[in-house]
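Please look over the structure below. A short report follows, arranged by topic.

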Amino acid sequence: MESPQARKTGLNLPAGMAERPLQLETFSGSSQGHGSPMSPSKNMLRFKTDHSAPNSPYSPSLFSQDAAYSSDISTPPKPPRKVPKTPHKVLDAPSLQDDFYLNLVDWSSQNVLAVGLGTCVYLWSASNCKVTKLCDLGPNDGVCSIQWTKEGSYISIGTNLGQVQIWDGSQCKKVRTMGGHQTRTGVLAWNSRILASGSRDRNILQHDLRVASEFVNKLVGHKSEVCGLKWSNDDRELASGGNDNQLLVWNQHSQQQPVLRLTEHKAAVKAIAWSPHQSSLLASGGGTADRCIRFWNTANGHQLESVDTGSQVCNLAWSKNVNELVSTHGYSQNQIMVWKYPSMGKVATLTGHTMRVLYLAMSPDGQTIVTGAGDETLRFWNIFPSMKTQTPVKDTGLWSLGRTQIR
């Protein structure tokens, strides 16, 4: 069992006493009430200074030539791609919880980052750095998971009371509330039309917004809290991970029983990622007692490889641009690692978070990741090349409006 919460170490400064000279954004939406221990401070999602970061978000050496990117094995080896060791942006995220079983950060296809902080969900536009408070669940509930639809217009929120709420992200309006879970809903996953939700009640519910019922299917297979859920890229398979150390795979023909029950992990399975480059290739990561990234062929259930990372595996994400993946870690090194596949050679190891890196999301263009931790920061890292080129990224697109504010 993974520890949901860990005590912070070091100085506990009152809100506002830490050095935050770059508090540039203004809020839209109502302000959070005072007095609640989960109330985000006025510095929420403001820039922090990272003195070791490069002046430009795109280091000149960011995307050098990469030998593994070429399929011509007869060419001489080239230097590995250089990945900046420091984040190019750091944002304050007061009250970002240090709970392994929650999923509180997601980045939409419309370039808006959603973050669950206490009882609230905030939206941060990567295009203009504008912060909007989407909602406040009130003093009797809390945000446990968030997930954008693929189109990026609507966002689902799993709550501590077991609800699943659907919100219009642009209008900041709730459009639906669905029940069915008995306790907190810690993980959500959309495919093209179905929303899957996983809960501490051990069940997975499938919701179809086109019908009136609160859920259309219940998947019962885990013996403890469900903390990982990911649909395959073709929407045909759903992988689920739990605190029972199991990785289950479901499809449309397995309404009552999983088609695969993979039990090699020795700790909770939160980190799950399907390869966008090869069908039926699934990666999963285990918690503190396991520390391994395992690769599976879901067509036959065979384990293809296992790599001991040395630390609790909290998240996995596959690059859509190159055949690499990124993992984030907790005990004991709190690191971020970039791997080549299938060699599993290390491209980069990134450090900076002072607590376990529980949250991970990727930018729409697939070049940047954001990581979050109980140290109450969100850190933005440029780790992957663009889809068609490995030359340095020009200042047009994702960060063109925001980077000039970081000096």
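Arg 202 is partly exposed, as its relative accessible area is 43%. Here buried means under 20% relative accessible area, exposed means over 50%, and partly exposed is in between (1.4 Å probe, protein chains only). Arg 202 sits in the loop between strand E12 (194-199) and strand E13 (203-208). Its phi is positive, about 80°, although Arg 202 is not a glycine.

Asn 334 also has a positive phi, near 50°, and is a residue other than glycine. Asn 334 belongs to the loop between E24 and E25. It counts as buried because its relative accessibility is 14%.

## Basis of the model

This is a predicted model: local features need pLDDT of at least 70, side-chain atom pairs count only at pLDDT 80 or more, and totals for chains, interfaces and linings use all residues. Residues are numbered from 1 along each chain as its sequence is written, and side-chain values use heavy atoms, with hydrogens and water left out.

## Overall make-up

The protein has 29 strands and zero helices. Both are DSSP runs numbered from the N terminus: helices are H or I with at least four residues, strands are E with at least two. Of the 407 residues in the protein, 58% are buried.

Contact means heavy atoms within 4.5 Å. Take the contacts between residues at least 6 apart in sequence: 52% of them join residues at least 24 apart. Arg 46 and Thr 377 are 331 residues apart along the chain, yet their C-alpha atoms are separated by 9.8 Å. Arg 46 is in the loop between strand E1 (27-28) and strand E2 (89-92). At 10% relative accessibility, it counts as buried.

## Nonpolar cores

A nonpolar core is a set of buried Ala, Val, Leu, Ile, Met, Phe, Trp, Tyr and Cys residues joined through side-chain atoms within 4.5 Å. The largest one has 42 residues, and Leu 113, Trp 124 and Leu 378 touch the most other members. Elements giving two or more residues to this core include strand E4 (112-117), strand E5 (120-125) and strand E29 (377-382). Another core, of 16 residues, lies apart from it; Val 322, Val 347, Ala 348 and Ile 369 are among its members.

Leu 378 has contacts beyond its neighbours within four places in sequence, among them Leu 45, Val 90, Leu 113 and Val 370.

## Aromatic rings

Rings of Phe, Tyr and Trp (its six-membered ring) pair if their centres lie within 6.5 Å; planes under 30 degrees apart count as stacked, over 60 as edge-to-face and the rest as tilted. The count comes to six aromatic pairs. Phe 100 and Tyr 101 form an edge-to-face pair, 5.3 Å centre to centre with 85° between the planes. Both residues are buried. Phe 295 and Tyr 341 form a tilted pair, at 4.8 Å and 40°. Phe 295 lies in strand E21 (residues 292-297) and Tyr 341 in the loop between strand E25 (336-340) and strand E26 (346-350), so this pair ties together parts 46 residues apart in sequence. Phe 295 is buried at 0% relative accessible area, and Tyr 341 is buried at 13%.

Trp 107, Trp 124 and Phe 380 form one aromatic cluster. Lys 270 lies over the face of Phe 100, 5.5 Å from the ring centre. For such a charge, NZ of Lys or CZ of Arg must be within 6 Å of the ring centre and within 35 degrees of the ring normal.

Ser 311 is in the loop between strand E22 (302-308) and E23. It counts as buried, at 0% relative accessibility. Its side chain reaches the backbone nitrogen of Gln 333 at 3.4 Å. A polar contact is a pair of N or O atoms within 3.5 Å; within protein, one must be able to donate a hydrogen and the other to accept it, and residues adjacent in sequence count only if both atoms are side-chain atoms.

Asn 321 is in the loop between strand E23 (313-318) and strand E24 (324-329). It is buried too, at 5% relative accessibility. Its side chain reaches the backbone oxygen of Asp 365 at 3.1 Å.

## Cis peptide bonds

Tyr 331 and Ser 332 are joined by a cis peptide bond, with omega about 10°. The bond from Tyr 341 to Pro 342 is also cis, with omega near 10°. Pro 342 lies in the loop between E25 and E26.
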